[in-house]
Amino acid sequence: RGGVQQKSRSLATRVLEHPNIAVEWNVTVDRFEGNADGLRRAICRRGTKDGGSGQGAAADAELSVRASAAFVSIGHEPNTGLLRGQL
């Protein structure tokens, strides 16, 4: 797995350093808006699991992000604890 982790780290570094990519941390996507020409923006809510806010914004504040593409990460640990011992 070390090779996969190194590639992931390398990709993350490239994304974070790219001048045309904005990373929005600790947001939940409510919806994407667009038309036949493609994606126009994402409507999000800012906040974290513990109720804190990201980047100084109020928790649950609506955030409109202009976008022509989007990648949504859902995290790295599956929430499967409730099935432990049943499968």
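Visitor: What is the relative accessible area of D30?
Guide: D30 has a relative accessible area of 38% and is partly exposed. Buried means under 20% relative accessible area, exposed over 50%, and partly exposed in between, with a 1.4 Å probe and protein chains only.

Visitor: What kind of model is this?
Guide: It is a predicted model: local features need pLDDT of at least 70, side-chain atom pairs count only at pLDDT 80 or more, and totals for chains, interfaces and linings use all residues. Residues are numbered from 1 along each chain as its sequence is written, and side-chain values use heavy atoms, with hydrogens and water left out.

Visitor: Which residue forms a salt bridge with D30?
Guide: R45 does, with the closest N and O atoms 3.1 Å apart. A salt bridge puts a side-chain nitrogen of Lys or Arg within 4 Å of a carboxyl oxygen of Asp or Glu.

Visitor: Where do D30 and R45 lie?
Guide: D30 is in strand β1 and R45 is in strand β2, so the pair ties together parts 15 residues apart in sequence. R45 is partly exposed, at 31% relative accessibility.

Visitor: How many salt bridges in total?
Guide: The structure holds 5. One of them joins E33 and R31, with 2.9 Å between the closest N and O atoms. E33 also meets R41, at 2.5 Å from N to O. Relative accessibility is 24% for E33 and 33% for R41. Shared partners also link D30, R45 and E62 into one network.

Visitor: Switching topic. What's the strand and helix count?
Guide: The chain has 1 helix and 3 strands. Along the sequence the pattern reads α-β-β-β. These are DSSP runs, numbered from the N terminus: helices are H or I with at least four residues, strands are E with at least two.

Visitor: What is the strand order in the sheet?
Guide: The order is β1-β2-β3, in an open sheet with antiparallel pairing. The edge strands are β1 and β3 (62–66), each pairing on one side only. Two strands pair if DSSP finds at least two bridges between them.

Visitor: How many bridges join β1 to β2?
Guide: 8 bridges join β1 to β2 (residues 38–46). V27 stands opposite R46 there.

Visitor: What about the backbone at N26: what is its phi?
Guide: Phi of N26 is near 55°, a positive value in a residue other than glycine. Most residues other than glycine have a negative phi. N26 lies in the loop between α1 and β1, and is partly exposed at 43% relative accessibility.

Visitor: Where is confidence lowest and where is it highest, by element?
Guide: Helix α1 (residues 2–17) is lowest, at a mean of 78, and strand β1 (residues 27–35) is highest, at 89. The score is pLDDT, the predictor's confidence in each residue, from 0 to 100. Over residues 51–57 the pLDDT is below 50, and this stretch has 14 contacts in the model beyond near neighbours in sequence. Contact means heavy atoms within 4.5 Å.

Visitor: Last one. What share of the chain is buried?
Guide: Buried residues make up 9% of the 87 residues.
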